[in-house]
Amino acid sequence: MTGYVVGRFHSGGVAGLRPNEVAAILKPPRSVRPELVERRIGDCGCPEEQWLFDTLDLIIHFEPNGDVDAHLDGGDWGEADFGVKNCPDEEEGRQRVFLWALRLTEGPVT
Ligand SMILES: [Zn+2]
């Protein structure tokens, strides 16, 4: 299960500029390609996936009721948890977790 690219493009405030002018004022878009390390059954019997997200360990846990729990382990940097309620399917939950992790790892806005 590969092929994910999570990216966020800056937008707004660039109307009327030529593409090269836009490129000059925008930061390069950041994208991350999460890698699936393992899919397994968690202690409580739910499917669970371990991803490598931008060098960090990311665990995604899929509850049978559609709730999705995520845990990002950044080592010395710290760790964080995230939850999504009532996802229609695993794919939707996965995408929302990836976007959360992307924002979290973006660093301070300058
Ligand atoms: Zn569970």
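Here is a walk through this structure, from its overall layout down to a few single residues.

A word on the ground rules before we start. This is a predicted model, so local features need pLDDT of at least 70, side-chain atom pairs count only at pLDDT 80 or more, and totals for chains, interfaces and linings use all residues. Residues are numbered from 1 along each chain as its sequence is written.

Let's begin with the parts list. The chain has two helices and seven strands, where helices (H or I, at least four residues) and strands (E, at least two) are DSSP runs numbered from the N terminus. Reading from the N terminus, the order is β-α-β-β-β-β-β-β-α. Of the 110 residues in the chain, 15% are buried. Buried here means that 20 or more other C-beta atoms lie within 10 Å of a residue's own; with 12 or fewer the residue is exposed, in between it is partly exposed, and the C-beta atoms are placed from the backbone. As for contacts (C-beta atoms, placed from the backbone, within 7 Å), 31% of those between residues at least 6 apart in sequence join residues at least 24 apart.

Now the sheet. Five strands form an open, antiparallel sheet in the order β3-β4-β5-β6-β7, with two strands counted as paired if DSSP finds at least two bridges between them. In general, strands of a sheet pair through backbone hydrogen bonds, either parallel or antiparallel. The edges are β3 (35–41) and β7 (79–84), each of which pairs on one side only. On average, neighbouring strands of this sheet are turned by 15° against each other, direction ignored; the axes behind such angles are lines fitted to C-alpha atoms, for helices over the stretch in contact, and angles run from 0 to 180 degrees between N-to-C directions.

β3 and β4 are antiparallel and share six bridges. Across that pair, glutamate 35 sits opposite leucine 52, and arginine 40 sits opposite glutamate 48. Their hairpin has five residues between the strands, and glycine 45 there has a positive phi near 95°. On to the next pair: β4 and β5 also run antiparallel, joined by six bridges. Glutamate 48 turns up again here, with histidine 61 in β5 as its bridge partner.

Aspartate 54, in the loop between β4 and β5, has a positive phi near 55° although it is not a glycine. Threonine 55 lies in the loop between β4 and β5 as well, and its phi is positive too, near 75°. Most residues other than glycine have a negative phi, and most peptide bonds are trans. Are these two buried or exposed? Aspartate 54 counts as buried because it has 20 C-beta neighbours inside 10 Å, while threonine 55 is exposed because it has 9 other C-beta atoms within 10 Å.

Next, the helix α2. Gly93, Arg94, Val97, Phe98 and Ala101 of α2 are buried. They cover an arc of only 135° around the axis, so they lie on the same side of α2; the arc is that of the directions from the helix axis to the C-beta atoms. On the face turned away from that buried side, α2 carries the exposed residues Glu91 and Arg103.

Where do sheet and helix come together? The largest nonpolar core has eleven residues: Val32, Trp51, Phe53, Leu58, Ile60, Val68, Ala70, Leu72, Val97, Phe98 and Ala101. A nonpolar core is a set of buried Ala, Val, Leu, Ile, Met, Phe, Trp, Tyr and Cys residues joined through C-beta atoms within 7 Å. β4 (47–53), β5 (56–62), β6 (68–73) and α2 (90–104) each give two or more residues to this core.

Leaving aside neighbours within four places in sequence, alanine 101 is in contact with Phe53, Leu58 and Leu72.

Key: Contact = placed C-beta atoms within 7 Å.
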